[in-house]
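Please keep the sequence and the structure in view while reading.

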Amino acid sequence: MPNQKTPSDVSKMIKDHEVKLVDFKFTDLPGAWQHFTTTLTEYNEDIFTEGLGFDGSSIRGWKAINASDMLVIPDPATAWIDIFNAEPTLSLICTIVEPITREPYSRDPRGLAEKAEAYLQSTGIADTAFFGPEAEFFIFDDVRFSTSGNSSFHLVESVEGHWNSAREEGPNLGYKIRPKEGYFPVAPADTLQDIRNEMCLELEKAGIPIERQHHEVATAGQAEIDIRFAPLKTMGDHLQYYKYIVRNVARKHNKTVTFMPKPLFGDNGSGMHTHMSLWKDDKPLFAGNGYAGLSDMALFFIGGILKHAPALTCITNPTTNSYKRLVPGFEAPVNLAYSARNRSAAIRIPTYSANPKSKRIEFRTPDAAANPYVAFAALLLAGLDGIQNRIDPGDPLDKNLYELPPEELAEVPSVPDSLGGAIAALENDHAFLLRGDVFNADFINNWIEMKQKEYDSLRLRPHPYEFQMYYDV
């Protein structure tokens, strides 16, 4: 998706690829793509400025029925031939605006990302915020689940799963991945190399540069495909294409992908370690002479992230399932400290290269259930608050946080242990998100209300494991 595409370039793509249909995609509040499709009778280059109307009342977290008319404004830079349609189809990502005022819709995630980038530039601190997320996911062979008033059930299945070592498979060849031993095995233990390769190649056809792909730590098909860093809104677009392409390539092979943070008990969950850096006039701003080669600006940015991390988790780890991964003493970094190379800290400073252009920070707490536009905007605003208020991140912690004595660990703050705790943190700490009118009070209140409903929905339901623990009390 090269950014230099113009409406005339899109028209040429339609002609060159003999496109018959145009698909308009946009992102709802939780982060899922929605879409509608037109034939070419509806297409002309005016749509890139005039937009197309639709009803926003049925989109999760959006409009009331009495104010439901909306406009999608497609971005020509995002034009892509969607290979998952039987007929030649051009795909466009859209931003949402109000039809009367033509103002960006305040609950549109992509529009929010645009406002975050504009605010960054208005501060004069930097002109570009680069993001590089590492989104992990599972590729399963089968998934079943059901819940009702008197029952609850789920089952996920993978031929790689260690629990299948005794299953009759006619024949069972024995190459199962033991718990926490899925990092970098070759075939035949890794059964998904060809599928991940296909995902990578399709992502690159969509204009999303790939760095590497590999099996991840967990058994049962955990995977990671790393994509090249990009500016905030562009990376939001890339992650939406990423999820769409990864899921549909898997479906083509009769498999299913989930970005749930913790679909398996007793093995690693799926995170989205997020690399961040600020640049101005094509020069990196995070390289300096401080700790781990960081500038004062980078250290203050870290200070902002650490200060606001409890509130940020309501956005970067936005599901009840997220907090089954964020558990002290296990693999996810819940301790709010920073360190060079140390993967047990919430913020790591990668040290692979001495090149100033590679200097960045990595926030390891987020997961890929997050809405990328909203999460990246919130992280940027937290970091900017750190810079603007010169927030000291404290001393780095270079010890293994998983092995600290209890008295030392008690002095290290941590993220909330539930979505309920994250909601409370966001309620008490969101002024930093209101800077530059990127977020507004309506967005925050609506987000909290939406998350509280999710939290209550799970909190009200009996859990199957509770029967095992408590049925005979």
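E202 is buried, with a relative accessible area of 10%, where buried means under 20% relative accessible area, exposed means over 50% and partly exposed lies in between, computed with a 1.4 Å probe on protein chains only. The model is a predicted one, in which local features need pLDDT of at least 70 and side-chain atom pairs count only at pLDDT 80 or more, whereas totals for chains, interfaces and linings use all residues. Residues are numbered from 1 along each chain as its sequence is written, and side-chain values use heavy atoms, with hydrogens and water left out.

- The side chain of E202 meets that of K205 in a salt bridge of 3.3 Å, N to O, a salt bridge being a side-chain nitrogen of Lys or Arg within 4 Å of a carboxyl oxygen of Asp or Glu.
- Both E202 and K205 belong to helix α4, where a spacing of 3 residues separates them by about one helical turn; K205, at 61% relative accessibility, counts as exposed.
- E198 forms a salt bridge with K252, with 2.7 Å between the closest N and O atoms.
- Because E198 lies in helix α4 (residues 193-205) and K252 in helix α5, this pair ties together parts that are 54 residues apart in sequence.
- E198 counts as buried at 17% relative accessibility, while K252 is exposed with a relative accessible area of 58%.

**Fold and dimensions**

- The protein chain has 11 helices and 18 strands, which are DSSP runs numbered from the N terminus (helices H or I with at least four residues, strands E with at least two).
- Its radius of gyration is 23 Å, close to the 23 Å that the globule rule gives for 473 residues, so the protein chain is as compact as a globular protein of that length; the radius is taken over C-alpha atoms, and the rule is 2.2 Å times the number of residues to the power 0.38.
- Along the principal axes, the C-alpha atoms fill a box of roughly 65 × 60 × 50 Å.
- Of the 473 residues in the protein chain, 53% are buried.
- Among contacts with a separation of 6 or more, 69% are between residues 24 or more positions apart, contact meaning heavy atoms within 4.5 Å.

**Charges and further salt bridges**

- The protein chain carries 46 positive and 64 negative side chains, and the centres of the two sets lie 2 Å apart; Lys and Arg count as positive and Asp and Glu as negative, with His and the chain ends not counted.
- The salt bridges come to 28 in total.
- One of them joins the side chains of D141 and K255, at 2.4 Å from N to O.
- D141 lies in the loop between β7 (128-140) and β8 (142-148), and K255 in the loop between α5 (232-252) and β13 (256-258), so this pair ties together parts that are 114 residues apart in sequence.
- D141 is partly exposed, with a relative accessible area of 28%, and K255 also counts as partly exposed, at 21% relative accessibility.
- A network of salt bridges links D75, R110, E114, K233 and D237.

**N446 in helix α10**

- N446 is found in helix α10, which spans residues 441-459, and at 13% relative accessibility N446 counts as buried.
- Leaving aside neighbours within four places in sequence, N446 is in contact with L29, G61 and R107.

Methods:
The place of a charge is taken as NZ of Lys, CZ of Arg, CG of Asp or CD of Glu.
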